[in-house]
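Here is a friendly note to read alongside your first look at this structure. Please keep the 3D view open as you go through the points.

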Amino acid sequence: MRMRLAQNVEQEADGRRELTVEVFVHERRGGVAELQPAGAEWRVRWLRGTADLNRQGSGTATVRVTTPGLYRVRSVASARHARDAYVEVTEADGAFHATVLGVDEQVPRTTGPTLQVLEERFGITSARAACAAERRDAADALADHLEAGCVHVILPHVVLTVEGREVPPLQAVGDKPLAYARAVRASAVHGFLRVMLARGAKLPRSNVEEQMPMLAGWVQALLRSETESRYWLDGQARAALDIGVVGEAFRAARTAKVEMPADPLLHLDLAWP
């Protein structure tokens with residue numbers, strides 16, 4: 001059988017056991033992909049086919065589907081216009097049968113209604129909600145530990161525990177930004193100490209034991225000075241991914257040659273398992 005999706009959804013029975021899909025490709029974008037649910041996301045495997053493209057990389061592509069399953073067929077008419085058709089291929093009596101589940105007009109950064117229905121059907125929506133709830137619980141736990149004065153960082157070769165912090169409450173204009181900022185601040189502090197500890201783990205133990213109290217003391221001073229929730233939320237959006245807002249502030253302090261004395265009220269425990 002054949003299926004043409006370059007302009008419209010068309011099916012044609014040709015007596016063959018395999019499904020041939022033709023799509024329109026613009027600037028080498030578009031094609032046929034096999035979809036499989038994988039937890040909270042789709043596992044996507046693009047299928048190879050033959051293409052009849054001009055020098056601009058536009059034209060038609062023909063892809064053969066040889067196994068039953070769920071497929072996304074993407075036709076790209078221009079740089080701004082694309083269509084996703086979702087096709088379920090089944091096998092019965094030695095022949096393939098294709099069912100078009102729906103077509104979504106592509107708008108940048110949106111999920112079409114057909115895909116939303118499929119995500120509900122295959123449990124991806126519920127899995128995403130569960131993952132989001134798990135991340136929120138983990139972030140809340142980090143925030144509770146930080147506000148209780150403790151940060152615990154575990155790496156394969158070294159474990160750091162910092163106790164005795166005095167963490168001022170965050171100031172925010174509403175409950176929602178306050179809850180979000182608590183989690184962001186705790187994750188930022190934990191992530192910064194984790195990165196610095198990972199770098200320090202490559203140095204001799206004596207260097208780590210000498211430097212970590214100064215780092216922890218500097219982080220304590222930053223927590224005391226930055227109590228506005230806006231600092232953590234805005235800074236998190238602009239900071240480099242590898243070091244975060246705390247790392248950006250630390251780099252600025254190092255550039256300005258700010259003194260970093262250890263905080264005598266903090267208790268640090270370094271362990272090498």
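1. Let's start with a strand pair: β11 and β12 (residues 159-163) run antiparallel and are joined by five bridges. Within this pairing, I154 has V159 of β12 as its bridge partner. Two strands are called paired if DSSP finds at least two bridges between them. Strands (E, at least two residues) and helices (H or I, at least four) are DSSP runs, numbered from the N terminus.

2. A word on the basis of this note: the model is predicted, so local features need pLDDT of at least 70 and side-chain atom pairs count only at pLDDT 80 or more, while totals for chains, interfaces and linings use all residues. Residues are numbered from 1 along each chain as its sequence is written, and side-chain values use heavy atoms, with hydrogens and water left out.

3. The pair belongs to an open sheet of three strands, ordered β11-β12-β13 with antiparallel pairing. Because β11 (150-154) and β13 (267-271) are at the edges with a single partner strand each, one side of each has no neighbour in the sheet. On average, neighbouring strands here are turned by 5 degrees against each other, direction ignored.

4. Which strands does helix α3 (residues 175-200) touch as it packs on the sheet? It touches β11, β12 and β13, and its direction makes about 45 degrees with that of β11. Helix α4 (residues 205-225) also packs on the sheet, touching β12 and β13, at about 140 degrees to the direction of β13. Contact means heavy atoms within 4.5 Å; axes are lines fitted to C-alpha atoms, for helices over the stretch in contact, and angles run from 0 to 180 degrees between N-to-C directions.

5. Do look along α4 itself. Its 21 residues should span 30 Å at 1.5 Å a residue, and the end C-alpha atoms are 31 Å apart, which agrees; the expected span is 1.5 Å times one less than the number of residues. There is a kink of about 25 degrees at Q211, shortly before the proline P213. The bend at a residue is the angle between axes fitted to the seven residues ending there and the seven starting there.

6. Among the buried residues of α4 are V208, M212, L215, W218 and L222. Buried means under 20% relative accessible area, exposed over 50%, and partly exposed in between (1.4 Å probe, protein chains only). The buried residues of α4 pack against several elements, including α2 (124-147), α5 (229-238) and α6 (244-255).

7. How do the helices meet α6? α4 and α6 pack at about 105 degrees with axes 11 Å apart, which makes them roughly perpendicular. L215, W218, V219 and L222 of α4 meet V246, A249, F250 and A253 of α6. α3 and α6 pack at about 60 degrees with axes 7 Å apart, and these two helices are therefore oblique to each other. Angles under 35 degrees count as roughly parallel, over 145 as roughly antiparallel, 65 to 115 as roughly perpendicular and the rest as oblique.

8. Leaving aside residues up to four places away in sequence, T227 touches P168, P169, L170 and Q171.

9. Finally, please visit strand β8 (residues 69-76): six of its eight residues are buried, so β8 is largely enclosed by the rest of the structure. Strand β4 (residues 31-38) pairs with β8 in the antiparallel sense over five bridges. β8 and β9 form a hairpin with five residues between them.
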